[in-house]
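Welcome, and please take a moment with the structure before reading on.

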2 protein chains.
Amino acid sequence: MTMSASDSAALAGRLPQSLAEAEALDQIEPLQRVRSAFDLPPDLIYLDGHSLGPPPAAARARLGEAMTAWERGLIRSWNDAGWIDLPTRVGDRIARLLGAREGEVLVCDSVSVNLFKLAAAALPLARTRVIHVEEGEFPTDAYIAAGLAEITGAGYEQVAPEAGLDALSRGGVLIKSVVNYRTAAIADIAQHEAAAAAGGSAIVWDLSHAAGVLALDLTAAGVRLATGCTYKYLNGGPGAPAYLFVRSDIADRLSSPIRGWFGHAAPFAFDRAYAPAPGVARFAAGTPGILSLATLEGALDVFDGVDMQQVEHKARRLGDLWLACTAHLGWPTASPTGGNQRGGHVTQHHRDGYAIIQALIAAGVIGDFRAPDGMRFGFAPLHLRYADIWRAAGRLSVIIDSGAYRDPRYSKPARVT
Amino acid sequence: MTMSASDSAALAGRLPQSLAEAEALDQIEPLQRVRSAFDLPPDLIYLDGHSLGPPPAAARARLGEAMTAWERGLIRSWNDAGWIDLPTRVGDRIARLLGAREGEVLVCDSVSVNLFKLAAAALPLARTRVIHVEEGEFPTDAYIAAGLAEITGAGYEQVAPEAGLDALSRGGVLIKSVVNYRTAAIADIAQHEAAAAAGGSAIVWDLSHAAGVLALDLTAAGVRLATGCTYKYLNGGPGAPAYLFVRSDIADRLSSPIRGWFGHAAPFAFDRAYAPAPGVARFAAGTPGILSLATLEGALDVFDGVDMQQVEHKARRLGDLWLACTAHLGWPTASPTGGNQRGGHVTQHHRDGYAIIQALIAAGVIGDFRAPDGMRFGFAPLHLRYADIWRAAGRLSVIIDSGAYRDPRYSKPARVT
């Protein structure tokens, strides 16, 4: 298909109105070239990249190299294969995607553990020793805060949805997602940081549903502390290690509560006394997991040369297309429908949501279900096409119109969705 | 070579006196068959399995399966490929090697993070809120204790080497290695646990240098809490996840300070309130790293059907042979020389230890160096042969006698050894 320049411009400026237009838009879409860097199953439309990203081919290749370094180099590979630098080297790759500077991001542990470390480190930055978490945040964020409060004697308060901003005037530590895991609502980072500065508070940002899909600029927004996972839009693999951001000008004043040897200034001096490493590296704890770090390093290749503004733009347009194509179903959604208020996914509600998701999976479209009635559909822009969205919505319409989702085989409860 | 039954019995009962005898002993040694399960570089004698074990072939195979499950099954593999159960399933495999029961071992996080969780959980078990660590322990154990004490307000005291036993009468929490990382001295676990019971204390055992090489029996010894790494004698790969043991009868009374969603009784219910999972699973925090867990699961295959008494016996005999073959060098050692007092490695001292280790590596024998002057040699019995020890000692003698280690190329400092 060839198009005139004016046709192309028109197509790029509005949502496609047919499968043919969607396919035409995919042809001129600047991120389209990245799709071939992924190992994707044929005949599957994967709307779950916000939960577990698919493997870039380079991830498998880099993992294979790490396995060979283990096999051939054995212990020597810590130096010879550069394993020792992986947590900071991969951190620097992620820093670009976050709008952070080199040396501000460390890959380590899980989001849960990193939230614990950062919230503990943030307490001395805050005027009062209390940790706030909004209702409706990812549950682990609240669990971690409560657990930390219990062993440190700090206070813990759950506040109403969106009440975190007000809480910042009270001088504590707020744990807050940039993109809500359920609604995909985007927080105004700079506004919150300004309120934190005015109120003598500190914020630990959870970037899990934001990194790799939004054009983040942590530096410009004044962010001091953040963490996030790498297995969603960063495609690092199931349970891939998390990362941790500490703004460089404050890192040397902060302490990790979990002082493992890899956070020591000289881990191999085996000093009796603890001396934290300079910068964000002091937040390392145990020996880094090399196989998963290598996999993640390979996975990040797909972002090379990619403009994050284009990523954010395309994610939103894919989501807008999904909402347009499913509007006739009349489903309620807790997600903002208006453009730049929403991250890379939408949640729609139906009392038979679980069964609908199962029926969709059987039809080759993968989304996920979040109790009690939420269906989440994610729009990872590096491997999804407009035509995929069009086709997925078409299959969904068939399932709803035919009532196929009422088949008893779709109704059994699952442990993980 | 064929031997009479009486020759075999004689050979099995004493150390070989020649390379030919060492080779003959290897032929009749019951663990010899396991060596072929490893991917080992040719022409290399690896005396560093106490630091990073070599890859069993099944580790690579299982990792490949996990990669394929990620690629083809994507999010569905959490259920369909059994990923969700890996932390407890692999934990049960390790439990047998520790003399623990099914359901008492969870694979998660790093030793550093697990020490933190267990020491925090142990404080309510102890009569006084103080954490003791002996001088000479692996430094991270002391760093973690001090960091935990600082944020909880508990006390922290470093006690003299071997003074942990006395400290147990004072009613605190003791973090203690079963096998010392430097000397390989073995602690009397049952004696310590009896003292802890009498003194109202609790012990968190670090099994890192013990698991996979000693015939541990945590149940019989009365152990309540333990953790250890899997990248040494368990061959799980560089930075492989650690494990955590909590005796089943006390697990439900304990709290992890790091309450991540995977430690919740129903992680996918997304409850606002935290409800810990039953048993040791409550000590899980973030999403488990599946690729490294799968690798570890494959690696553990080499222990299938292996008698840990034979493993411990062979490790000690390999170490005895090394000490006999290097006795003429007159090197001091902090390691117990007498049989069952020593784990799977020895540390010998020489002021040029760093250079000697480098010269040995150049000669195809890998040991490691621990500042300031310790040379560690490890005797992992599943892949080492008596003949390897004989040959390695021979190469060392040549290096010492010739003074080859004084070559300037061996003297530069390294960041990791």
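To compare copies, they are superposed by least squares on the C-alpha atoms of residues with pLDDT of at least 70 in both. Done this way, chain A can be laid on chain B with an RMSD of 0.0 Å, by a turn of 180° and a shift of 0.0 Å along the axis. That is the relation of a two-fold axis.

Some reading notes come next. This is a predicted model, in which local features need pLDDT of at least 70 and side-chain atom pairs count only at pLDDT 80 or more, while totals for chains, interfaces and linings use all residues. Residues are numbered from 1 along each chain as its sequence is written, chains are lettered from A and ligands numbered from 1 in the order in which they are written, and side-chain values use heavy atoms, with hydrogens and water left out.

**Where the two chains meet**

- In chain A, the C-alpha nearest the axis belongs to A:Thr152, at 2.4 Å from it.
- The same surface serves both copies, as 100% of the contact residues of chain A recur in chain B; contact means heavy atoms within 4.5 Å.
- Helices (H or I, at least four residues) and strands (E, at least two) are DSSP runs, numbered from the N terminus.
- Axes are lines fitted to C-alpha atoms, for helices over the stretch in contact, and angles run from 0 to 180 degrees between N-to-C directions.
- The axes of helix H7 (residues 139–152) of chain A and helix H7 (residues 139–152) of chain B come within 7 Å and cross at roughly 85°.
- That makes H7(A) roughly perpendicular to H7(B); angles under 35 degrees count as roughly parallel, over 145 as roughly antiparallel, 65 to 115 as roughly perpendicular and the rest as oblique.
- On one side of this contact are A:Leu148, A:Ile151 and A:Thr152 in H7(A), and they meet B:Leu148, B:Ile151 and B:Thr152 in H7(B).
- The residues of the contact of H7(A) with H7(B) divide into four nonpolar, two polar and no charged.
- In this sorting, Ala, Val, Leu, Ile, Met, Phe, Trp, Tyr, Cys and Pro count as nonpolar, Asp, Glu, Lys and Arg as charged, and the others, Gly among them, as polar.

**The seven-strand sheet of chain B**

- Two strands pair if DSSP finds at least two bridges between them.
- Seven strands of chain B form an open sheet with mixed pairing, in the order E2-E8-E7-E6-E5-E3-E4.
- At its edges are strand E2 (105–107) and strand E4 (155–159) of chain B, each pairing on one side only.
- From one strand to the next, the twist averages 20°.
- Strand E3 (residues 130–134) of chain B runs parallel to E4(B), and five bridges join them.
- B:Glu134 has B:Val159 as its bridge partner in E4(B).
- Helix H6 (residues 111–122) of chain B packs on the sheet and touches strand E5 (173–177), strand E6 (202–206), strand E7 (225–228) and strand E8 (243–246) of chain B; the direction of H6 makes about 170° with that of E7(B).
- Helix H9 (residues 189–199) of chain B also packs on the sheet, touching E5 and E6 of chain B, and the direction of H9 makes about 155° with that of E6(B).

**The three-strand sheet of chain B**

- Three strands of chain B form an open sheet in the order E9-E12-E11, with antiparallel pairing.
- The edge strands here are strand E9 (345–349) and strand E11 (368–370) of chain B.
- Five bridges join E9(B) to strand E12 (residues 374–378) of chain B, and in E12(B) the bridge partner of B:Gln348 is B:Met375.
- Helix H14 (residues 353–362) of chain B packs on this sheet, touching E11 and E12 of chain B.

- Most residues other than glycine have a negative phi, and most peptide bonds are trans.
- A cis peptide bond joins A:Ala371 and A:Pro372, with omega about 5°.
- A:Pro372 sits in the loop between strand E11 (368–370) and strand E12 (374–378) of chain A.
- The peptide bond from B:Ala371 to B:Pro372 is cis too, with omega near 5°.
- A:Ala184 has a positive phi, near 70°, and lies in the loop between strand E5 (173–177) and helix H9 (189–199) of chain A.
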